[in-house]
2 protein chains.
Amino acid sequence: MRTIQVGLLGCGTVGSGVAKLLLHQNDIIQKRLGAAIRLKSIADIDVHRDRGFPLDSNLFTTDARSVVDDSDIDIVIEAIGGTDMAKDLILRAIENGKQVITANKALLSDQGSQLFRAAAAKHVDLGFEASVGGGMPVIKTLRESLVGNTIACMSGILNGTCNYILSKITDEHCTFEAGLNEAQKNGYAEADPTLDVEGMDTAHKLAIISTLAYGSAMNLSDIYVEGISRISPMDIEFADQFDYRIKLLAISKCRNNAIEARVHPTMIPRDNLLSSVNGCLNALSITGDAAGDILLYGRGAGMMPTASAIVSDLVDISRNILTGSVGRIPILSFQPESIRHMPVIPIEELVSHYYFRFAAMDQPGVLSKIAGILGNYRISLKSVHQKGRKSNSSVPLVMFTHLAKERDVRLALSEIVKLDVVCDAPMLIRIEDVNGGI
Amino acid sequence: MRTIQVGLLGCGTVGSGVAKLLLHQNDIIQKRLGAAIRLKSIADIDVHRDRGFPLDSNLFTTDARSVVDDSDIDIVIEAIGGTDMAKDLILRAIENGKQVITANKALLSDQGSQLFRAAAAKHVDLGFEASVGGGMPVIKTLRESLVGNTIACMSGILNGTCNYILSKITDEHCTFEAGLNEAQKNGYAEADPTLDVEGMDTAHKLAIISTLAYGSAMNLSDIYVEGISRISPMDIEFADQFDYRIKLLAISKCRNNAIEARVHPTMIPRDNLLSSVNGCLNALSITGDAAGDILLYGRGAGMMPTASAIVSDLVDISRNILTGSVGRIPILSFQPESIRHMPVIPIEELVSHYYFRFAAMDQPGVLSKIAGILGNYRISLKSVHQKGRKSNSSVPLVMFTHLAKERDVRLALSEIVKLDVVCDAPMLIRIEDVNGGI
């Protein structure tokens, strides 16, 4: 029986998960693959750390280069994270003709084109199922299952940290800061949570899946990004009163050969299935013209779900090695010569329903001033709500709009914020019934 | 550029969808595959029927054998349905060395082993993604994405007709018959709905996915099957009062090398995501030991979703042909020599929570008689509810049990039904919080 030799770069959370899965599930993988997968070596600076399960110390080296240069190794798994060293090692592995698997969404979305070109030039496979959606089969569904579909749009909850915090604020009426603390205490948020809570991690993932879905190379800078740190319990309560939930959504659409891609807190109707995705869970809805709306739901991160996705790539690529069919699926779903650069629609062109919350003085004429400015910018109101009464002090004034253009909204808000009856920067949340409300 | 030639058997709803997709999405499929797929011939008894889009009549033949015998054709798609003719044609196509795709779940679950053996012997691919879950990537997720997981259980809503009818009864408090009429009027149910409403269609699908998930050949007769025709609006209202929804679930579990597989109306908590799957939509939850719970949701049937799944197989198999890697994934997910025959646990061994509804005389002592018999069989009650009062007449008496064994339940009910204070056959619905309530 043929044996596929694997080298693992990095044995932190994700790397340990892969090693654990390869050791514990060796038998079932072999029964499915019809060949053995052998973890030949692991590069990590910390050889002796207890990883919670027995791992032969002879597998370890501190010299990552020796792994990517090992002529016995067929497939290299990069689980180091970060961009510089990871990129150098991946490029060197590709140069050595090895197949590569990575979960490094920051690297892929930021400098992926260099990796994809290198892999195509050397005719090796580059697997990255684990970069988006953890154990959910996001990449495979886009590249393989929906191959007969024109994909019109996608929307999803792709960051467990943000979803955990928003769920906490919703359920426990706590502040963003308290929700974040809780997430950190439970291991759902990093010590520096910026990448997660400011939406960049979600944007990394959206760039990758949008490139695959629409066949147009997306840059991270093409995506409008807004995080959740300004969301207050008050906004979540107002949302609830009007049967909405607030979620950090990744949304992309392709229309008339142009792409719209954005990450921001979004109000969605409570009966939309995405509203029921709570805690650290993730979900992605994809709309194909033939398949209709498909929703994938599951654990979008974590040691074992991520390892599950990496092993799925590992077995896929092993099958390609065993049958001599490396490169049978183009890395970016479309053949390289068919990848286009479609224009990206700027956020100012967005037409959406909006929720505004102003901190306004509780005195006569305030509503008329604000509504007047909105009217000047063609923004008409569906409803207006003032919460409580406080003379000589500010109260929350909430408005829901009909469809309006983002450019008009921004201009109007920049005028409204200058009114002396408005005390604070207004809150703006876009409202969507994503994908027709599946 | 290489061209893959395709022969289509049957041009009814599914076949027309495939032809439409291949014609309309020709360009995007080519950009992804890097080769052309050409629909060379279509076998159907009705050549001239208007299929809603222009279809070259020169493609048609009434002689299906001429298609499977055509030496130019690489891949045959069987979309005839039924078992006898479909099976003969598939076997002949395999014998001729052609790759085959079918959506025929009745054939696969009933006589699949003959087809799988024939395909393995001739080293051809046999694709059947469209047999379960329409446009949802069920087969691919089981065979490829979860390849590193031991799968513990699955539960899902796999029949759109039943789910449509149950949703109608829930929303409109109508009878089963009225719900079925509505489904037929809207094209969601066949003129003869028996296969759907009695649960057999769901069982066909459960047999296929359980075989793939656990690596054990399942027979249709291994599955306990109960349909939805006895569900009354009263049961749905009682369920609602206690925060449950009633769904026709396919459930299978693998524990200690034995399999449990059943299809029956099930009460699930309202906050379980499957409770929100309404109308003709389908969903399947799969629990892997590494990936955790994954849920797939989408259109489980219909012309274009089914065609989308068939085209996904078509492109997969075309890639195998183009790279000389036919057979790279074993048809049943496990290598043939690793497929086992695990014992199936009989329904009598099931341990579950139960809902009972009796039509009982409204007179003193009735509850004590019924509860006494239940107690004799070690069935303890969580709650008892009588609806309304009617002297000298029967009223609904509803009970929710703690965990009990199905064998005990059956014996107890067979005694209870003989009591002269019990007027009608009791209703029994099993209660589950499937997959830990994802």
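Mentor: This is a predicted model, and the pair to look at is helix 7 (residues 160-172) and helix 8 (residues 176-185) of chain A, which pack with their axes 8 Å apart and at an angle of about 125°. On the side of helix 7 of chain A, the contact is made by A:Thr161, A:Tyr164, A:Ile165, A:Lys168 and A:Ile169. On the side of helix 8 of chain A, the residues making the contact are A:Phe176, A:Gly179, A:Leu180, A:Glu182 and A:Ala183. The crossing of helix 7 and helix 8 of chain A is right-handed.

A second pair in the chain can be set beside this one. Helix 6 (residues 138-145) and helix 10 (residues 200-214) of chain A have axes that come within 9 Å and cross at roughly 10°. Helix 6 of chain A is therefore roughly parallel to helix 10 of chain A. Their crossing is left-handed. Here A:Val138, A:Ile139, A:Leu142 and A:Arg143 of helix 6 meet A:Ile209, A:Leu212 and A:Ala213 of helix 10.

Another helix shows how a helix can sit within the rest of the structure. Helix 12 (residues 303-323) of chain A has 21 residues, and at 1.5 Å a residue it should span 30 Å; its end C-alpha atoms are 30 Å apart, so the two values agree. Of those 21 residues, 17 are buried, so helix 12 of chain A is largely enclosed by the rest of the structure. After helix 12 of chain A comes A:Gly324, which has a positive phi, near 65°.

Now the chain as a whole. Chain A contains 14 helices and 17 strands. Its C-alpha trace spans about 80 × 45 × 35 Å along the principal axes. A compact globule of 438 residues would have a radius of gyration near 22 Å, and chain A has 24 Å, which agrees. Buried residues account for 54% of the 438 residues in chain A. Among contacts in chain A between residues at least 6 apart in sequence, 76% join residues at least 24 apart.

Note on methods. Residues numbered from 1 in each chain as written. Chains lettered and ligands numbered in written order. Predicted model: local features only at pLDDT ≥ 70, side-chain atom pairs only at ≥ 80, totals over all residues. Helix = DSSP H or I, 4+ residues; strand = E, 2+ residues; numbered from the N terminus. Expected span 1.5 Å × (residues − 1). Buried ≥ 20, exposed ≤ 12 C-beta atoms within 10 Å, placed from the backbone. Rg over C-alpha atoms; globule rule 2.2 N^0.38 Å. Contact = placed C-beta atoms within 7 Å. Axes fitted to C-alpha atoms, helices over the stretch in contact; angles between N-to-C directions. Parallel < 35°, antiparallel > 145°, perpendicular 65-115°, else oblique. Left-handed = near helix turned anticlockwise from the far one by under 90°.
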